[in-house]
Amino acid sequence: MASATGLDRRWIFLVMGVLVVSLYVLGEAAEMPVNEYVQSYYDTIEALPEGTIVMLSADFDPASMAELLPMYQGTIHQLLRNNIRVLNVSTWPAAPPYTRAEFDRIAPQYEKVYGVDWVELGFKPGDDVAMGQIGQSVRSAYAKDDRNLKPLNELPLLNDVSAGFGGISLLITMSAGYPGILEWIAQAGGRYEVPILTGTTAVQTPDLYAYYPSQLEGFLGAATGATQYLQLVGEQTEDVHESRDRNQARMLIQSWVHIFIVLLIVVGNVLYFVGKRSAA
Amino acid sequence: MKREIPILLTVLCGLAITWAFFSPYGPSQAVNDELLAWGTVLFSVAFLLGIGNLVRISLKQISSGHPDRYYKALLLLMLFGYLGVGISEIHGWFGITEGDNLRRDWIYNRIFQPLQATMFSLLAFYIASAAFRAFRARSMEATLLLVAGAIVMLGQVPLGDQITGGLASRWLAFLMSYINAAGQKAIIVGAALGTLATGLRIVLGLERSYLSE
Amino acid sequence: MEAFVSFLDSAGEGMAPWIDTGKFPTLVAILAYAAVMFVSQAAAKRGVHIPIRRIAGLDALDEAIGRSTEMGRPVLYVPGIDEIKEIQTIYSMMILRHVARKTAEYGTDLIVPVKDSVVMAFAEEAVKQGCQDAGRPDAFIADNVRYLSNEQFAFCAGVAGIMNRERPAANIMLGMFFAESLILAETGYESGAIQVAGTAKQHQLPFFVAACDYTIIGEEYFAVTAYLTREPGLLGTIRAADVIKGIAIALLLVGVALATYFADVEGETWFTTFQRLYG
Amino acid sequence: MIALALQDTARSFFDLEAGSADLDIIGGWLVAFLTLCVFSFLYKDNPFYKFAEHLFVGAGTAFFALQYYQEGILEPLRDHIGDALEHQQAGELVQLGGYGVDAGIAIAARCFAVLLSIMLLSRLVKPGGWAPRWPLAIMVGVYAAIKLTGETQSKLVQQFRGMMKPLTSDTAMAWGDNWQNVEQTAAFYTFAQVVLLVGTVCALGHFVFTFRRTRFLGGVSRVGVVVLMITFGSMFGFTVLGRIALLIERVDSLGGLTGDGYQLAGTDGSVMSALTSPPVLTGTLIVLVLLLLKGRRGDGDAGSGSAA
């Protein structure tokens, strides 16, 4: 077992760093085919009638914005473009600044009015219990909105929302871990049988295959899912082209780094077995 | 009585919420809603208590001449400075009011956000190094794992799929949708049964270890 | 029956029903599990023998300690990085007591780095008791249970330092791990130690399997604890989970068979469907 | 990353209103500096990293505390009770979970929550007292019950219900996780469904511990291990995907600071062009290689050990 490579790990760090930076400078893009989970996510939103209310829960923080922010932006575009009303909540304290910034940027493009077309309720502490209470009744979970700190009855959108997910036809969560999609599946999907869509980080993606299609209408898995989704949204929304191209370029860097890591595993193992044989 | 009342409270709250899950009856929903509200309030108070702990430990390290004492002082400075700005904003003290663009967001965007994002990206380097130095196909299990991992890595990205002639993505699809899904289902069921066991013991007042501290 | 259901549905004028009949399966599942669990726990308490399968990782624990003894080097035991409220940490303390007994019997040093000050008190107690179990209370060395840091990566750096400087021949990592699992397993592998890891945190298992010699995966972790401690509460829980899994599997197979049988919609039998599709 | 989209617009030196999308110049330099501080940990634990780490813990804790304070204490206590008082004066019911409750009862109930909070806070004064146990007990009961019911419903009942579907299908479906949308034949559909079913049952069977291990159960468990290892393998692959995505995003967002908008007054380089100009980069690279070579002659891996 004592067949340590004896190589200082910082050499590998150095190669890795140089690889990523030089690929970034080269910056080319690659188109990706779309998988069925992403297609289903996109189609589910497209199928919603105008004026429907969707609850969009931002359950992430800066540590996962690399994967989730592009999906979040794309989803907001798709929802607003289709004239769907959006009720924003969050169970992670660091997410509401993203919600505020994205709606500040995107909502004016579709001439949306705050309070009528979208509402930001902000962070709700309590993890599972927060989700339980948001489901039980949005009105008792929040006393004021997050943007203007107004009482909820001054916001017209909330008039169409009632207890037990009443009036809400779909829940979308951008989920980075606990609490996130798995807890929403229990508290919203399990209890109220609300249809759920989600975009998640790579670490959580494999878990979701167990829930699709019976408990999950579709999902965007990791940076690859985000890129595919932006391609779909980009067909009709020019504003996401910039973001789409950037993600496609990242996928090419990602490709090379993956090949590099597979090579590292292969070479490491060859050295290991050669070393073991010569030792024996 | 020191233990009996808390256990009684746990059982009452637990049963009320369990009952409300099965019963849409109005009053039971109202009780459920109120109890959940208490839960979120207490959760927040407990979080703030945790900060007291952080401050206490840091102060102790500063006063005992710990090698990191200057960093701990920086931590406290940042903590209280930021809290000061934020609380003034929330309550409108010193003429600082909360508007569309918050002052605390300035600090959030420039300090918290880049730092947290970068901390986690360090792991990319550690994975590369472990791939070369430690991931060994020393058993049937480890071999299966590494091969499946390699298929997923190559099948997910455009170039990786090209160099395998499109095989990687097909294998990926099958592995993820059927074999991975099967394994995940088993893990989910196991975890749910664990939650069920602990939950039952707590709701029925049999589990008391949380009262011992 | 119908009268009963309609009674449940009518709590009063304009009111929601007493009970949501759609949730009956969940109620039945909870009650069935509770019944099996309490019966098994009571049986275990009465001393009825509940067999527990011996898991490969368990033999590995003894092997690792034995090898450290031969080489005259210490054993490193990392009880995860979570607090004591995490159930895995509590179980890790129980296993630590067993490991401490073994190392005390063999006269090998046991180093236990911890990330939390409360866990440290529990770890000290577990090691002390283990030494007493072995009849060698003098084998307990207070300095070997070490509080390193409360920060995740600083703790990780501290453990890596111990691995590199004191060169333990066996690294045992049991408990709740997060992103540091990868770095710990890699450093341990490089130091040439035999490594046994175990956690019920599924997202860290791939790294342990790839870089450790033996890995205790998922629920096996609880079974190992039950095997070592014979704690009736835990034994009953595992037994109940097994029984419920058996029932669930049986229901699943019947359900799939029926669904396949009645899959046809337009008056076909499953056989004609089969013929049409594959014939 | 969005920074790039706006990179060529001129920026103010210091702007309180600027968001993450269009940092002011001070902000840009701060972001670049802190990012590099964290990356310096890869070489070795050092004062720059420690500085950044403590700044992070301080800022993070404060930001979280403000959120918990505003949304978890002020809103449900101050605002809710204020709201209920208004209802009381108007003689209206207060809606709790969709059910109208007398305002007086609602206020009393929430005042009890205030009392519980104070009991929990008493831990600061008297750590071992009886008072904090009450709120703690309520919290534990609420959490346990909501998880117990929600997870049994979704992860046992609905999960198994979802699995009970026909093994045959008369519509050929496309399958393919990425771009090979291969037409799936009916025979393949059945094969895949059988794999899923058998895989699930065997993996579940591997986690059965208290029944005597017959040859059958041993075989089930061996197949189960294969399924589980492939599952862990796919988790492994996805984790790699995720971590690398984070790194690329960091490089990308630093790249976003190379625009002309981030010139420091009096200099003509933007944040990152100053830091990543060829001489600076080459110099850093040479220094790193030299340091690493020097480390090799010393005590080998010990240096990186303390850095890990």
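Chain contacts, sheet and core

Guide: In this predicted model, the contact between chain A and chain B takes 57 residues from chain A and 51 residues from chain B.

Visitor: Which residues of chain A lose the most area to chain B?

Guide: Chain A and chain B bury about 4900 Å² between them, with 66% of that area on carbon and sulfur atoms. On the side of chain A, three residues together account for 12% of what that side buries, and the residues that lose the most area to chain B are Phe13(A), Arg191(A) and Tyr209(A).

Visitor: What area is buried between chain D and chain B?

Guide: In this pair, 132 residues of chain D are in contact with 120 residues of chain B. Within chain D, His54(D), Leu66(D) and Arg133(D) lose the most area to chain B, together 6% of what that side buries. Carbon and sulfur atoms give 79% of the buried area, which comes to about 11700 Å².

Visitor: Which strands stand at the edges of the open sheet in chain A?

Guide: The sheet has 6 strands, paired in parallel, in the order β3-β2-β1-β4-β5-β6 (chain A), and the twist from one strand to the next averages 15°. Two of these strands have a single partner each, so one side of each is left without a neighbour in the sheet, and these are β3 (118-123) and β6 (218-221) of chain A.

Visitor: Which residue is the bridge partner of Val89(A) in β3(A)?

Guide: Strand β2 of chain A, residues 85-90, runs parallel to β3(A) and is joined to that strand by 5 bridges. For Val89(A), the bridge partner in β3(A) is Gly122(A).

Visitor: What angle does the direction of helix α2 of chain A make with that of β6(A)?

Guide: Helix α2, residues 36-46 of chain A, packs on the sheet and touches β4 (168-175), β5 (196-200) and β6 of that chain. The direction of helix α2 and that of β6(A) make an angle of about 125°.

Visitor: Why does the largest nonpolar core lie between domain 1 and domain 2 of chain C?

Guide: This core has 311 residues, and those touching the most other members are Leu87(A), Ile172(A), Ile261(A), Phe135(B) and Tyr33(C). Helix α7 of chain B, residues 167-203, gives the most to this core, with 20 residues. The core lies between the two domains of chain C because residues are given to it by both domain 1 (22-50 + 232-278) and domain 2 (56-229).

Methods. Residues are numbered from 1 along each chain as its sequence is written. Chains are lettered from A and ligands numbered from 1 in the order in which they are written. This is a predicted model: local features need pLDDT of at least 70, side-chain atom pairs count only at pLDDT 80 or more; totals for chains, interfaces and linings use all residues. Side-chain values use heavy atoms; hydrogens and water are left out. A nonpolar core is a set of buried Ala, Val, Leu, Ile, Met, Phe, Trp, Tyr and Cys residues joined through side-chain atoms within 4.5 Å. Buried means under 20% relative accessible area, exposed over 50%, partly exposed in between (1.4 Å probe, protein chains only). Helices (H or I, at least four residues) and strands (E, at least two) are DSSP runs, numbered from the N terminus. Domain bounds come from an automatic or database domain assignment. Two strands pair if DSSP finds at least two bridges between them. Axes are lines fitted to C-alpha atoms, for helices over the stretch in contact, and angles run from 0 to 180 degrees between N-to-C directions. Contact means heavy atoms within 4.5 Å. Buried area is the accessible area (1.4 Å probe) that two parts lose on being put together, summed over both.
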